Amino acid sequence: MGATRAPLASPGETQSEPPHDTYHPDPAKAQLIACVANKNKGKLVTTCRYSHNADHYVRYFRQGQYAVTVYEAKTGRRLGITTVLGDDTYTCLAQVSFFDGEPLEETVWLDAGLPAFRKALAPWVNAAKS
């Protein structure tokens, strides 16, 4: 996971609201930068098996572990690193579409939600505000 797939929510948004694509902070005012990398390890949450014709597909859903490195934007100095865990539950879908050429076996890393990242980054964000 090299970057988030959607912009982070604007200040004041709740986790139940979808992120607004109109939130574009001024990069010149950024105080912190957080880089996220998938550690590609985590406990097995569930295994989902699907069959279509003669093909048997298996998807291993694992709890993602994400290394988050926090930097001071102005100097580039590394401030710290923390781990954020992805979801630890998943329910297999009753029906899934597969396309020609898809692997028969694949691991899917369950993402961490925005609240988990906010909690992990809070010590640095709160320190930057003071």
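**Notebook: loops, a sheet and ring pairs**

I started with N40, which sits in the loop between β1 (32–38) and β2 (44–52). Strands here are DSSP runs of E with at least two residues, helices are runs of H or I with at least four, and both are numbered from the N terminus. Residue numbers start from 1 along each chain as its sequence is written. This is a predicted model, so I kept its limits in mind: local features need pLDDT of at least 70, side-chain atom pairs count only at pLDDT 80 or more, totals for chains, interfaces and linings use all residues, and side-chain values use heavy atoms, with hydrogens and water left out.

**Entry 1**

I looked up the backbone of N40 and found phi near 55 degrees, a positive value in a residue other than glycine. For background, most residues other than glycine have a negative phi. N40 counts as partly exposed because its relative accessibility is 49%. My cut-offs: buried is under 20% relative accessible area, exposed is over 50%, and partly exposed is in between, with a 1.4 Å probe and protein chains only.

Next I went to N53, in the loop between β2 and β3 (55–63). Phi of N53 is also positive, near 55 degrees. At 72% relative accessibility, N53 counts as exposed.

**Entry 2: the sheet**

I then traced an open sheet of three strands, in the order β2-β3-β6, with mixed pairing. Two strands pair if DSSP finds at least two bridges between them. β2 and β6 (105–110) are the edge strands, each pairing on one side only. Neighbouring strands in this sheet are turned by 20 degrees against each other on average, direction ignored; the axes are lines fitted to C-alpha atoms (for helices over the stretch in contact), and angles run from 0 to 180 degrees between N-to-C directions.

How many bridges join β3 to β6? I get six, and the two strands run parallel. One pairing I noted is V58 with E105, its bridge partner in β6.

**Entry 3: R59**

Is R59 buried or exposed? R59, in strand β3, is buried, with a relative accessible area of 5%.

Leaving out residues up to four places away in sequence, R59 touches T46, T47, C48, F98, E102, P103, L104, E105, E106 and V108. Contact means heavy atoms within 4.5 Å.

**Entry 4: aromatic pairs**

I searched the whole structure and found three aromatic pairs. Rings of Phe, Tyr and Trp (its six-membered ring) pair if their centres lie within 6.5 Å; planes under 30 degrees apart are stacked, over 60 edge-to-face, and the rest tilted.

Y57 and F98 are stacked, because their ring centres are 3.9 Å apart and their planes are at 0 degrees. This pair links distant parts of the chain, 41 residues apart: Y57 is in β3, F98 in the loop between β5 (78–85) and β6. Y57 is buried at 7% relative accessible area.

F61 and Y90 are stacked too, with centres 3.9 Å apart and planes at 15 degrees. F61 is in β3 and Y90 in the loop between β5 and β6, 29 residues apart. F61 is buried at 8%, whereas Y90 is partly exposed at 30%.
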